[in-house]
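Welcome, and thanks for taking a look at this one with us. Please have the sequence and the 3D view open side by side as you read.

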Amino acid sequence: MKRYMKNLVSTAAIGLVFGIVSCTGDLDVTPISPNIDTELNADGLFNKCYANFALAGNGGANGDCDIDGLDGGTTGFVRQLFNSNELTTDEAICGWGDDGVASFCYNSYNASHPMLKGFYYRLTTGISYCNRYLELIGDAEPTKRAEVRFLRAFQYYLLMDGWGNVPFTTKSLDKPVQYSRAQMFEWINNELAEIEPDLSEPKAKKSSDQGYGRVDRAACWLLQARMALNAEVYTGTAQWSQAKTYANKVMTSSYRLNTQGVGGWTAYQMLFMGDNGETDAAYEGIFPLLCDGLKTTSWGTSLFLMAGCFDNKMHANPKNLNATNGTDQNWGGNRARPDLIRKFFPDKSADVPQVASYDMYVAAGDDRALFDGIGRTLDNDDVSTFTSGYAVAKFTNFKTNGAAGSDATFPDADFFLMRVAEAYLTYAEADARLNGGKTSIDGTKAINDIRNRAHASTRSESASYSLSEICDEWSREFYFEGRRRTDLIRFGRYGGNNNYNWQWKGGDKAGRNFDSHLNIFAIPTEELTANSNLKQNPEY
């Protein structure tokens, strides 16, 4: 929380170095005036590479967007990470009328989808910032250089995961060429291996510690583990052993699961609260996106996850029933599909209680079941109505010590883009895939550690978890954090004739299969028009 990195880079500094950014249909970002002669502001460039993940532009929530012609709130990185990877799955649904929301919810997106275009250009613009920094900084400051190379690799990873065969360049003025998914996978892996020695030693930090919010070797290992876990999808060749190895590096580093609740809040809740950068919850956040209610404001980061999931009738704090999510924003849109709720109440014959979130997790026997059912139906019978479906009270701006946020509207809660729990489930899944589909003692322990933190039931070390159970565990631990689509694809439960259905999958309330070509998004039409090096993905 608090800053990028020591202080937020000024609009003037970035404006002179880059120009106020305009997306031109490729990875190039050009200055407003090519005749401006400026000196390099290395710190400003470095900060901007990070800030692209959490801020729409240099002016904060109500300033100019870095992406020309697109709304800053809509193109926020976290907002579109959520929309593309949660609304398309068995976890989330939304009844807003914004262009693109319904086609996400019903799996009917195409090359003209406005929100996919916004996410695509958010990523390619961020890559442009990184390319420009790396060109101008030369070989100076090797640690910062390695960090920016990581940020670029992470954004290329998201492009590869979402769009498959993507434009690639490491030069700010070169027209990108198209890399196949396998080529992109190889490049990212090589890049991560090269930068690892120059990254800082893995050290868990709080916001008061130097370097909080900056990536270190643990982030590199976790991205390598994620790449290896999905290698069979991306390249056709599995890398389960590599996934397990890199996950173990993270698990044995100084980063750790938050296991001790504070002030009546559970350890799991603390990960998503307004002081998550100041409590021990911070030690789980390997790559936190910094939010501050006064200094780094955005409609599309933590606030989106709070306001988008709450209406003014919800109460997530039993100590203050006049509060909703700790902000004055309650937009009432995103909520759970019944398929997500049932993962916490697996007996389909049992009624799910209609209680507040602080009673729901007690009823579920799992601290992660942060759902509000008061006055709501379990099924999404009327998608346009917010009370049709249980609400998600996972993200709030409450602080564990009872203090208020620094601003009434914009939250202080950081968003943990990467956190340690991912390593535990990666380890367990890779272990199960190496052992005939069931965890060994080590894999079982990894899942038990996750479930123990949530005060959920566990199994003896001699017992095991199946791959199907692990797929559900990914959902229970990470719902609404922007990764479900990728997990479903890896488990063969997304597009294609798999008959794993959820409510409104494919636009049918009972759920229906949709074609596997939708496992990869369409490259935006504008991008194809601007760059003759690119070809559209199959069947779009």
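Below is a short tour of some salt bridges, a strand, a helix and a loop residue.

The model is a predicted one, so please read every value here as computed from that prediction. It holds 41 salt bridges, and a few of them are picked out below.

- E147 and R214 form a salt bridge, with their closest N and O atoms 2.7 Å apart.
- This pair connects distant parts of the chain, since E147 belongs to helix α6 (residues 142-163) and R214 to the loop between α7 (181-195) and α8 (217-229), 67 residues apart.
- E147 has a relative accessibility of 1%, so it counts as buried.
- R214 is partly exposed, because its relative accessible area is 23%.
- Helix α6 also supplies R152, which pairs with E191 of helix α7 across 39 residues of sequence.
- The N to O distance in the salt bridge between R152 and E191 is 2.9 Å.
- R152 counts as buried because its relative accessible area is 6%, and E191 is buried too, at 5% relative accessibility.

- D472 meets R493 in a salt bridge whose closest N and O atoms are 3.9 Å apart.
- Here again distant parts of the chain are linked: D472 lies in helix α16 (residues 467-478), while R493 lies in the loop between α17 (484-490) and α18 (525-530), 21 residues apart.
- With a relative accessibility of 15%, R493 falls under the 20% cut-off, so R493 counts as buried.
- Through shared partners, salt bridges join E284, D366, R368, K394, R419, R451, R453, E473, R476, E477 and E481 into one network.

**Strand β4 and its partner**

- Strand β4 covers residues 285-289, and five of its five residues are buried.
- Strand β8 (residues 415-419) runs antiparallel to β4, and four bridges join the two.
- One place to look is G285, whose bridge partner in β8 is R419.
- R419 is also a member of the salt-bridge network described above.

**Helix α10**

- Helix α10 takes in residues 240-251, and its 12 residues should span 16 Å at 1.5 Å a residue; the end C-alpha atoms are 16 Å apart, so the two agree.
- Which residues of α10 are buried? They are W240, A243, K244, A247, V250 and M251.
- Viewed down the axis of α10, these buried residues fall within an arc of 120°, which means that they line one face of the helix.
- As a rule, an α-helix has 3.6 residues a turn, so residues three or four places apart point the same way.
- Among the elements that cover the buried residues of α10 are α8, α9 (231-235), β4, α14 (421-434) and α15 (441-453).

**Loop residue K203**

- K203 sits in the loop between α7 and α8.
- Is K203 buried or exposed? It counts as exposed, because its relative accessibility is 53%.
- Beyond its neighbours within four places in sequence, K203 is in contact with D216, S254 and Y255.
- K203 and I286 lie 83 residues apart in sequence, and their C-alpha atoms are 9.0 Å apart in space.

Note on methods
Residues numbered from 1 in each chain as written. Predicted model: local features only at pLDDT ≥ 70, side-chain atom pairs only at ≥ 80, totals over all residues. Heavy atoms only, no water. Salt bridge = Lys/Arg side-chain N within 4 Å of Asp/Glu carboxyl O. Buried < 20%, exposed > 50% of the residue type's maximum accessible area, 1.4 Å probe, protein only. Pairing = 2+ DSSP bridges. Expected span 1.5 Å × (residues − 1). Arc of directions from axis to C-beta. Contact = heavy atoms within 4.5 Å.
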